[in-house]
Amino acid sequence: MKRASGGDARRTRRGSRILVRAVLKTPLHAVIVVICFLWLLPSLGLFVSSLRPRHLIQQSGWWTAFETPFQFTLDNYSHVIESSNMGRSFINSLLIAVPATVFPTVIAVFTAYAFSRLKFFGRDAVFLVIVGLLVVPIQMTLIPVLRVFNQLRLTGTFLGVWLAHAAYGLPFAIYLLRNFIDELPVEMFESAQMDGASHFRIIVSLVIPTSVPALASLAIFQFMWVWNDLLVALIYLGGTPDVAPMTVTISHLVSSQGSGWEYLTAAAFISMLLPMIVFFSLQKYFIRGIVAGSVKG
Amino acid sequence: MKKAVTVIYIVVLSAVVGMPACQPSMGGKVTVLGVWGGSELDVFNKITADLKKTKNIDVEFEATRDINAVLTTRVESGNPPDVAILPQLSLVVDFARKGKLVDLSTLIDVGKIKNEYSPSWIDLGSVDGKFYGLFFKTAVKGLVYYDPQRFKELGLQAPKTWDEMMRLSQKLIDMKKTPWAIGIESGNASGWPATDWIENIFVRQYGAGPYRRWYDGTLAWTSPQVKKAFQMFGDIAARQGWTYGGASGVLSTAFQEAGNPVFSDPPKAYLFQQASFMAGMIEQAFPDLKPVTDINFFVLPPIDPENKAVEIGGDVLAAFSSTPQVKAFLEYMSSSDAQAPFAATGATMPNHTVPLSAYGNELDREFAAILNSADTVVFDASDMMPSEINAAFWSATIDYIKNPARLDAILAQLEKTRQDVYNK
């Protein structure tokens with residue numbers, strides 16, 4: 001840090017202005033740090049617990065881990081990784097989550113474009129119904145959909161669970177993207193049409209490249225929801241080892257009387273890994289995309 | 001065209017080659033839905049691997065801890081598993097009355113089961129005179145764990161009657177110590193450990209007959225019997241200074257960890273009531289404890305000496321289809337061969353031909369002995385009640401510990417739930 005010395009009064013003034021601003025902002029920063037700390041505390045406790053030996057997790061709180069003698073171990077992690085079927089279910093989770101993210105995102109782009117740019121009979125009514133579907137609780141649909149799936153022999157197949165996840169994700173996806181496409185400048189579409197571009201061409205060459213922030217945040221939402229989903233997988237896919245995703249296999253770590261829950265601490269971090277990677281790699285789009293469709297101008 | 005011929009040729013060839021491999025045994029598969037996980041699931045996979053070897057039957061196990069919702073959804077939508085492993089007898093009753101379950105006496109050799117199971121198991125598993133539920137893995141309820149070393153230091157002895165137990169608690173109070181460790185938190189099933197207390201008190205006070213009327217829904221919750229059972233529980237659990245952590249400790253402590261204060265060093269409490277499966281969990285949390293010398297138990301002592309019944313909880317097998325594979329699976333599961341490996345995990349098995357040597361340690365053997373010598377076995381009453389009443393009972397115990405003075409209002413609310421359910 002360079003101190004203002006000698007006659008350069010202007011620099012001194014600027015220096016003190018920065019200082020004043022820093023002092024004024026200190027309370028704000030302090031509040032942010034405190035909130036972040038409180039927010040992260042449970043995760044921190046979970047993380048510390050996951051590194052403690054089993055009997056200590058059961059006997060005492062995680063904060064006692066910082067007392068000497070230190071007793072840390074990776075046993076919980078190795079148990080989870082080595083437990084039967086964890087590798088297979090990681091693959092299963094990917095096999096479910098990737099198509100169940102791609103399908104609704106792609107379908108939603110085309111649908112949202114239609115709702116935004118095409119004029120057809122009953123457009124607003126259909127859109128209203130789709131928005132209305134946002135508030136239908138998923139539990140209401142389980143039995144009727146499962147009956148249909150049984151007839152079509154889709155129960156227990158990946159195709160069935162892709163369809164289910166796509167359908168549950170679509171109302172929100174269409175709603176988000178339609179509002180985003182609405183904001184795109186009309187001139188852009190008009191000039192494309194004048195150049196003779198088809199709708200398909202407009203979507204592929206114009207809409208998709210300009211909606212990357214919205215698409216990325218949508219993909220993150222959908223991926224996280226599918227990755228963390230237990231209910232849909234359990235109902236439509238079942239818990240048999242060859243199709244069970246990680247959420248189902250992790251829930252098998254605990255016995256019916258609740259013993260073995262200490263492994264969940266490690267399992268939580270293992271299953272968090274991939275969503276974290278997805279989130280951080282798409283983060284810069286996410287920040288821009290989170291306000292997608294919120295301001296209509 | 002040539003391609004098609006080749007495909008047909010390959011299909012036929014593989015069918016012919018594949019056939020002899022599965023000829024000597026039955027083949028096929030059984031789908032099973034249950035609540036097991038962790039070590040239970042490991043053992044189950046081990047014993048079903050044997051079934052694969054001897055009969056070539058594949059057992060596909062699906063586990064969920066929310067069996068109530070998942071099974072109901074699957075049954076309603078016409079996609080039930082072949083066999084369900086149910087922790088609540090009320091579900092067996094439900095599905096049996098709806099005509100979804102197979103009467104096991106038409107499927108398996110009940111004579112053999114009658115030789116190896118005591119008659120109470122068949123009675124408990126029967127609904128309206130038909131045999132639907134085959135008990136598999138059970139736990140004895142209403143056991144009080146303590147540390148014999150600490151008892152010796154303080155000159156205390158395991159009580160023989162309820163009054164002795166209350167005097168023992170008072171003695172500990174007089175020594176400025178906390179007698180009881182109680183914790184009833186268990187996620188969305190919070191309160192069930194308290195219902196176990198009340199049920200054990202009820203059956204010791206009034207016997208198996210009124211107990212049955214209570215869970216059958218013919219005894220009012222506002223009856224003096226139920227009220228007395230709540231009050232006797234409250235005399236321990238809701239009494240100032242009698243429980244570690246007081247009322248808020250009781251309500252917020254997870255049942256899995258509730259016994260820790262008894263075995264920690266120094267101890268913070270001296271008595272802890274739970275089922276037999278808890279012994280293994282305590283031994284895991286405190287690996288240095290030696291069974292019998294450092295951790296022992298007594299059965300909650302009798303109140304009215306006339307009424308001797310052992311309360312149990314457990315998992316019951318029920319069949320939704322009657323294929324030969326289901327028959328083979330159920331007969332295997334009822335046998336000592338399938339049950340002995342589970343005995344080693346700390347479960348108490350209903351087949352009394354399971355040798356005592358199969359149990360993991362001295363405590364587990366004593367649990368089995370209690371079960372085998374019991375005159376009357378009753379099932380956990382709350383798990384016999386319809387789910388709505390069961391859930392209401394769980395949360396009523398929470399309200400009661402929070403505010404014991406509201407007991408009459410709490411019981412009136414439960415009575416209203418009972419009437420709503422039975423008058424539907």
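Visitor: What should I know before we start?

Guide: In this predicted model, local features need pLDDT of at least 70 and side-chain atom pairs count only at pLDDT 80 or more, while totals for chains, interfaces and linings use all residues. Residues are numbered from 1 along each chain as its sequence is written, chains are lettered from A and ligands numbered from 1 in the order in which they are written, and side-chain values use heavy atoms, with hydrogens and water left out.

Visitor: How do you know where the domains of chain A lie?

Guide: Domain bounds come from an automatic or database domain assignment. For chain A that assignment gives domain 1 (9–73) and domain 2 (79–289). Their C-alpha centres lie 34 Å apart.

Visitor: What makes a residue part of the contact between these two domains of chain A?

Guide: Contact means heavy atoms within 4.5 Å. By that rule, eight residues from domain 1 of chain A and seven residues from domain 2 of chain A take part.

Visitor: And how much area is buried between domain 1 and domain 2 of chain A?

Guide: Buried area is the accessible area (1.4 Å probe) that two parts lose on being put together, summed over both. Here it comes to about 670 Å², with carbon and sulfur atoms giving 76%. On the domain 1 side of chain A, the residues losing the most are A:Leu46, A:Arg54 and A:Ile57, together 56% of what that side buries.

Visitor: Why is the pair A:Arg54 and A:Glu262 called a salt bridge?

Guide: The term asks for a side-chain nitrogen of Lys or Arg within 4 Å of a carboxyl oxygen of Asp or Glu. The closest N and O atoms of A:Arg54 and A:Glu262 are 3.7 Å apart, so the pair meets the rule. One salt bridge is found across this interface of chain A.

Visitor: How is chain B divided?

Guide: Chain B has domain 1 (27–140 + 312–379) and domain 2 (143–310 + 385–422). The C-alpha centres of these domains of chain B lie 27 Å apart. The contact draws 18 residues from domain 1 of chain B and 24 residues from domain 2 of chain B. Between them, the two domains of chain B bury about 1700 Å², 64% of it on carbon and sulfur atoms.

Visitor: Now, what does the interface of chain B and chain A look like in numbers?

Guide: The contact takes 31 residues from chain B and 25 residues from chain A. About 2500 Å² is buried between the chains, and carbon and sulfur atoms give 54% of that area. In chain B, B:Arg65, B:Ser77 and B:Gln284 lose the most area to chain A, together 20% of what that side buries.

Visitor: How many salt bridges and polar contacts cross between chain B and chain A?

Guide: Zero salt bridges are found, whereas nine residue pairs are in polar contact (both at pLDDT 80 or more).

Conventions. A polar contact is a pair of N or O atoms within 3.5 Å; within protein, one must be able to donate a hydrogen and the other to accept it, and residues adjacent in sequence count only if both atoms are side-chain atoms.
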